[in-house]
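Keep the picture at hand as you read.

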Amino acid sequence: MKNQDRFQISLGVSTLRSQGFALWAGPVVSASLMLFYKPEPAHPEIGYTLAIAAWMAIWWILEPVPLAITSLLPVALFPLLSVMDGQTVSSAYFNHVIFLFIGGFLIALAMQRWELHRRIALNILSITGTGKSRLLLGFMLATALLSMWMSNTATAMMVVPILMSVLTQIEPEPAKKRSFSTGLLLGVAYSASIGGIMTLVGTPPNLSFLRIYQVMFPQAPAVTFLQWMLFAVPVGILLIAAAYILLYQRYARVKVSESVLNELPIRQMKKDLGPMSREEKIVLAVFLLMALLWITRSDLEIGSATIRGWASLFGKPEFINDGTIAIAVSLPLFMIPVKDSKGTRIMDWDTASHLPWDIVLLFGGGFALANGFRDSGLSLWLGEQLQGISVLPPVVVVLIICLLVTFLTELTSNTATTEMILPVMAGMAVATHTHPLLYMIPATLSASMAFMLPAATPPNAIIFGTRRVTILEMARTGFWLNLIGAVIITAAFYLIGSAVFDINPGEFPGWAMPLLK
């Protein structure tokens with residue numbers, strides 16, 4: 001038997017053993033907490049919720065079973081342990097945020113089906129040009145723009161084949177040391193994550209925040225699509241600029257033949273697409289319409305002036321939310337026929353069935369867990385345990401939260417991290433009489449700022465899968481970007497976030513009071 005075969009067999013055995021340990025670690029830790037640790041003896045539901053949360057955290061981090069299966073634990077355990085009734089738990093798994101995700105993803109799948117994403121990326125690259133700095137900027141901008149409206153995973157999957165066709169011209173074989181190709185690949189991975197934070201539909205943690213915030217504080221004013229973009233787009237631009245400078249300094253100084261760069265087939269690839277088809281035009285129009293409706297739905301207050309949103313034209317504008325728009329705009333795609341084809345529509349179920357239903361369940365599990373945190377009182381109890389941190393200046397507390405979430409996300413799913421940490425942030429804010437958004441929004445953005453390891457985010461894993469980037473190179477570059485991201489998010493929230501979300505740092509909002517009860 002070859003040494004390589006022995007290594008693969010031993011690796012497989014080791015993996016099975018570690019998965020077996022993780023499989024039993026969750027229920028054992030949970031049972032131990034229930035039996036031997038009672039945070040509030042008068043309120044046993046607090047301890048039960050803590051035990052279930054520990055079980056879910058262990059399984060979400062170590063993944064002995066699929067993340068979606070872990071997300072179903074509250075359906076069984078909350079009713080059995082008298083934390084929440086079965087009907088309330090079940091209803092947490094489907095809500096308007098889920099439909100916002102589904103509608104947005106349907107548009108993204110339509111773009112993939114008719115290769116509109118490819119046309120958008122190649123048009124951006126043809127504008128920026130093919131010099132080293134321009135090529136890096138072009139790929140980063142194209143990826144970020146697509147990732148604002150599509151999942152960062154789908155975006156990376158779309159852009160990487162285009163990038164690989166370019167890399168074969170620059171470096172036919174993977175380089176054994178730092179190279180310009182490494183910088184281009186990392187630029188795509190990082191831009192996919194950064195672009196996702198700029199809209200509510202760009203990445204799952206943003207949608208998790210939207211729902212958990214509503215669950216924890218039902219009386220709080222809703223965070224609108226436009227509000228989010230007014231804050232997150234400037235943050236994203238700063239992060240893209242920082243990532244670009246970092247990658248250019250580390251990788252663009254490596255020598256690459258200018259003649260090779262000038263001969264890159266970007267324009268030929270664009271030409272090969274041919275003229276824009278009727279189907280592409282329809283999908284583009286629907287996409288732009290959806291974005292416009294999201295942005296203009298709610299009223300916009302500028303000083304003493306108010307620009308009315310289009311929802312005010314309806315009898316009950318509060319009945320309309322972003323999920324309503326996403327579904328209303330995506331449904332016609334299943335009705336519009338394809339040109340010169342009998343019975344074929346712009347979208348069909350074969351395409352739509354590629355929706356990531358496991359993420360839908362992951363959302364639901366997080367929302368159910370947030371309900372449990374609130375109803376049992378665990379959120380406030382955890383917040384009280386962290387009350388000592390309030391002696392630090394608020395800006396330092398926010399920076400610590402950003403760093404904590406960023407590096408925690410290196411080890412687990414960013415969505416799972418968000419859904420574990422946000423109820424705790426809500427409780428800590430209430431316990432310290434701080435505006436909840438001051439902790440919850442920076443934590444949400446930081447969950448997408450893990451750039452060091454392949455397992456941290458799907459774009460990192462996709463780029464690592466090209467076998468042109470080493471873990472060491474990704475970790476070295478990503479570590480600095482992790483730190484830069486935490487600083488930018490903290491500074492930006494204090495400079496513009498407070499104004500956008502109407503936060504007075506010295507005032508505790510009345511709608512957060514019910515959580516104290």
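The report below starts with the whole chain and then visits some of its parts.

## Getting started

This is a predicted model, in which local features need pLDDT of at least 70 and side-chain atom pairs count only at pLDDT 80 or more, while totals for chains, interfaces and linings use all residues. Residues are numbered from 1 along each chain as its sequence is written, and side-chain values use heavy atoms, with hydrogens and water left out.

The chain has 24 helices and two strands. Here helices (H or I, at least four residues) and strands (E, at least two) are DSSP runs, numbered from the N terminus. Of its 517 residues, 55% count as buried; buried means under 20% relative accessible area, exposed means over 50%, and partly exposed lies in between (1.4 Å probe, protein chains only). A contact means heavy atoms within 4.5 Å. Among contacts between residues at least 6 apart in sequence, 78% join residues at least 24 apart.

## The nonpolar core

In soluble globular proteins, nonpolar side chains tend to be buried together. A nonpolar core is a set of buried Ala, Val, Leu, Ile, Met, Phe, Trp, Tyr and Cys residues joined through side-chain atoms within 4.5 Å. The largest one in this model has 165 residues, and those with the most contacts inside it are Phe 139, Trp 149 and Phe 217. Helix α12 supplies the largest share of this core, 16 residues.

## A covered helix and some buried residues

How many residues of helix α22 (residues 437-446) are buried? Ten of the ten are, so α22 is largely enclosed by the rest of the structure. Among these buried residues are Leu 437, Tyr 439, Pro 442 and Ser 446. Their cover includes α11, α12, α20 (394-409), α21 (414-431) and α24.

Ala 156 sits in helix α9 (residues 152-170) and is buried, with a relative accessible area of 0%. Leaving aside neighbours within four places in sequence, Ala 156 is in contact with Pro 459 and Ile 462. Its C-alpha atom is separated by 9.0 Å from that of Ser 191, a residue 35 places away along the chain.

Loops hold buried residues too: Thr 203, between α10 (180-196) and α11, counts as buried at 1% relative accessibility. Not counting residues up to four places away in sequence, Thr 203 touches Asn 152, Gly 196, Ile 197, Asn 414 and Ser 448. Leu 355 has its place in the loop between α17 (349-352) and α18 (357-376), and counts as buried at 7% relative accessibility. Beyond four places in sequence, Leu 355 is in contact with Ile 102, Phe 105, Leu 106 and Leu 109. Leu 355 and Leu 106 are 249 residues apart in sequence, yet 7.5 Å apart in space, C-alpha to C-alpha.

## Aromatic rings

Rings of Phe, Tyr and Trp (its six-membered ring) pair if their centres lie within 6.5 Å; planes under 30 degrees apart count as stacked, over 60 as edge-to-face and the rest as tilted. The structure holds 17 aromatic pairs. One of them, Trp 310 with Phe 314, is edge-to-face, at 6.0 Å centre to centre and 75° between the planes. Phe 314 is partly exposed, with a relative accessible area of 47%. Phe 479 and Trp 480 also form an edge-to-face pair, at 5.5 Å centre to centre and 75° between the planes.

Phe 209, Tyr 213, Phe 217, Trp 228 and Trp 511 form one aromatic cluster. Phe 217 is also among the residues with the most contacts inside the largest nonpolar core.

## Empty spaces

Rolling a probe the size of a water molecule over the atoms shows where empty space is left. On a 1 Å grid over the protein atoms alone, a cavity is a set of points where a 1.4 Å probe fits but cannot get out, and a pocket is an open set with protein on both sides within 12 Å along at least five of seven lines; lining residues have an atom within 4 Å of a point. Grid points are joined across faces, edges and corners, and a volume is the space filled by probe spheres set on the points.

The largest pocket has a volume of about 1,200 Å³ and is lined by 41 residues, with Pro 221, Ala 222, Val 223, Thr 224 and Gln 227 nearest its centre. The count of cavities of 30 Å³ or more comes to two. The largest cavity holds about 80 Å³ of space, and α6 gives the largest share of its lining, five residues.
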